[in-house]
Amino acid sequence: MPSSLGWCRPEELVENLSSVDGAAKLKALRDVKNQIIGNKTKKLSYIKLGAVPRVVDILASESEAPLLVQSAAAVGSFACGIELGVKTVLDSGALPHLLRMLCNGDEQVVEAGARSLKMIFQSALAPKNDMLQGQRMDLLLTLLNSTNENVAEVAASVIARCCETSMQQHALLNAGALDILVNLLGSSLKRREACLDALRALVKNNPQISMKLISVKQGGALATIIKFVKDKSPRTRLLACMCLANVSCACPSSYSQEWEVRTDMLPILVKLLDEPGQVGEEAPSVLADLVANNEELQKLAYPINAVEKLCNLLHKDSLQPNHLQGVLVALSELGSRLEDGRRKILSSEPQGPIAAALVHEYMGVRIAACTCIKNISRSVKNLRTSLTDEGVVFPLFKLLDDESPVVQVAALSAISNVVLDFTPHKTVFFKCGGVMQLIQLAKSMDPLLRLNAVWALRNLLYLADMSVKRKVMEELTVATLISLIHDPEEVVQEQALAFVRNLVYGSVESVQQIFVEDGLILRAVVQQLRVATGPEVCTQGLYVLSNVAAGNGFHKDEVMHFVVASFQEACISLNRFLQDMNNSQLRVAAVWCIMNLSYPDSPGVLSRIERLIHAGFLLQLQNMTDDPCLDVKVWDRVQTAVEQFMAAEISL
C-alpha cells in the first residue's frame, strides 16, 4: 500500500524504474533518491532489491535531461557513505555514462554527473588507475578549464584522489597536470581551492614532483602558494599549508625561505583548529605533518597553545572519525620528542578519551591512539604515574587480537614502551594473558608482526626479576626462542638476541637460564655470531656473551670455550669485531666481552687472561689504544681491558 508520502512499496518502485512510461520512471527515480538520501538502511535495502543496475540503465539509455539528472543523483546517493554502494554502482557500469554526461549541453545534467563522480571518488574503491588512461585522462585535464566551475572543481577533486601512488603522480605529471593546475591558481576561489587540493596530492611524498613545483615559473608558483597561507579564506589557507607541508616533507630544505615559511604556517594552523566544518577537521593532520620530527617547531607550538587546543578537542564527544584521528596524530607528534610536550598533554588527563579511541570502530583512530600512547610513554615519569591506569592498559592489550594486522603492529609498538622496566604494567600484562598473545604473534607469517612481538617480549624482560623471566620462558619455550634467533628476517634475529641479552642480564640465576636444555640457547647465539654479517645482529649476540661472561667461573669458562677454541669451527673471531672500523657499537660490545672474561679477582681469571693473551687479544687491544680514529667510548673500554690484562701479567 502507498505510504502517507505517496510512495509505493520498495519492490514496486524498483519495478517502475524499468517502466516504459517516462513519467512513472521519473517519479520512481525521485522517490528512490529521496528515500535513500542519508539513510544507510534504505540504501542497503534498495541495493539488495537490484535498484542500482536499473538506475544505471536509465543513465545509459535515456537522453531526457530530467531523467539523466535524477538517475545521476540517485547513483551519487547510492555511492555516498557505504562501500557496498560504491561497488554496486561501479559493477553496474555507471562510470562511463557519468563521464559522458560531463560533455552534455545541459548544465543541470553536467552538474548532476559531476556531483555523482565526486561521491564515487571519495571511496577507496574508485577506479583511480582507470581514470589515468587515454581519453579519460585527457578529459579530466580538459575539464579543469571548463567554464562550469562545478565541473572544474570535480575534475580537480578526481585528480586529487588519483594521486595515491608515485606511478599515478608521475602519470599525471607527464600528461601536463602540474602546469595546468599551477596556471589555474589565479582563478576564482572555488577553482583555486580545488587546484590547491590537487597540487597537495600531486607532491605528497614525491621529491621529484615537489622539486618541479618549486622550480615552475622560476619559483613563481611556490611564491603564489606561500601568499595563499595568509589568504582571507580559511580553506585556502589550509590547502596552501597542506601543499607546503607536503613539499617540505618530501624535500627538506629545498628552498631558501623554507624555515621562515614553516614558522609562519605554525600559528596559522593552530588558529585553523578552531574553524568549523571541514577546515577544522583537517587542520590537526596538517599540523602533525608540519611539526613531525622537528623539535624546534614543536617547541614553538607549545607557547601558542597548540597542545591545549588539541586536548580540548580530544575531550569533545562529537568529533568525526577523521577529525579524532588527526587530533591524536597531532598530539602524538607534539609529544614525540620533548618532555615538555608530554607533560602538557598529560596535564589535560587524556587517559579517558585515549582509552575510548582504542576501542573506536574506525581502524585509523585505533592506530592513532596506539601511537599517542607509544609517544607519551617514552617518558619514565609518565610510565610510573599517568599510564598505570588499567583503563588504558587493558584495551591496549586487547588490540593484540584486532582483526587488522596494522592495528596489531601499532598496539605492539605501544606495548613495547608500556611494559618497559615497570612492574605494575608487567603484572597487568600477565593477568590478561598478554605474554601468550605476544608469543603467538611472534610465530606469525607476517614479518612485521613477528618483529614487533619479539621486540615487546624483549622489553618485557628489561630489568625484570626472575619470576617474570621464568614465566615468559615457560610460555615461550627454548625451541621457539631458537627459531626466532634463526629467523629469516635479520631484524627479527636482532630482537631475538636482544631478548636473550635481557634474559641473562643480572644475577647468576639469570645467566644460568641460557644453559637449560644442554645449552641450546647459547649454542644458537654462537652459531648466529659465526654466520651473521649484519652489525646490529652481531652487536646483540656479543652482548649476550658479555652478560654470560659476567656470571660465575663456570659461565666465563663456557664463553672462553667459544672465544678461544682449540678447533676453528667452534671459535668466534672476536678480533674480527674488534677490528671493525665502521661500527663503534660492535667494537664496544666485543671489548665488554673481554673485560668481563678478565674481570679482576674472579675465579680462574689468571688462566683465562693467559689464554686470551696467547690468542692475540692483548696485542689487538694495545693496537687499538694507538688508533687516532678510535671513538672515545671505545677507547675508554679498551684502556680498562688493557689495564686488567697488565695487572694479571704482573701476577703471572
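## Surroundings of Val229

In this predicted model, Val229 is in contact with Arg237, Ala240, Cys241, Leu244, Met265 and Ile268, once its neighbours within four places in sequence are left aside. Val229 lies in the loop between helix H16 (220-228) and helix H17 (234-250), and it is buried, with a relative accessible area of 3%. One of its contacts, Met265, is 36 residues away from Val229 in sequence, while the two C-alpha atoms are 6.9 Å apart in space.

## Packing of H31 and H34

Helix H31 (residues 447-460) packs with helix H34 (residues 490-503) at an angle of about 15 degrees, their axes being 8 Å apart, and H31 is therefore roughly parallel to H34. The crossing of H31 past H34 is left-handed.

On the H31 side, the residues that meet H34 are Pro447, Arg450, Leu451, Val454, Trp455, Leu457 and Arg458, and their counterparts in H34 are Val491, Val492, Gln495, Ala496, Ala498, Phe499 and Asn502. Sorted by class, this contact has 10 nonpolar, two polar and two charged residues.

## Salt bridges

The whole structure holds 24 salt bridges. Among them, Lys87 pairs with Asp91, with the closest N and O atoms 2.8 Å apart; because these residues are four apart in helix H6 (residues 83-91), they are separated by about one helical turn. Lys87 is partly exposed at 44% relative accessibility, whereas Asp91 is exposed at 55%.

Another salt bridge joins the side chains of Asp274 and Lys309 (2.6 Å, N to O), and this pair links distant parts of the chain, with Asp274 in the loop between helix H18 (258-272) and helix H19 (277-291) and Lys309 in helix H21 (residues 306-314), 35 residues apart.

Notes: Residues are numbered from 1 along each chain as its sequence is written. This is a predicted model: local features need pLDDT of at least 70, side-chain atom pairs count only at pLDDT 80 or more; totals for chains, interfaces and linings use all residues. Side-chain values use heavy atoms; hydrogens and water are left out. Axes are lines fitted to C-alpha atoms, for helices over the stretch in contact, and angles run from 0 to 180 degrees between N-to-C directions. Helices (H or I, at least four residues) and strands (E, at least two) are DSSP runs, numbered from the N terminus. Angles under 35 degrees count as roughly parallel, over 145 as roughly antiparallel, 65 to 115 as roughly perpendicular and the rest as oblique. A crossing is left-handed if the near helix is turned anticlockwise from the far one by less than a right angle, and right-handed if clockwise. Contact means heavy atoms within 4.5 Å. Ala, Val, Leu, Ile, Met, Phe, Trp, Tyr, Cys and Pro count as nonpolar, Asp, Glu, Lys and Arg as charged, and the others, Gly among them, as polar. Buried means under 20% relative accessible area, exposed over 50%, partly exposed in between (1.4 Å probe, protein chains only). A salt bridge is a side-chain nitrogen of Lys or Arg within 4 Å of a carboxyl oxygen of Asp or Glu.
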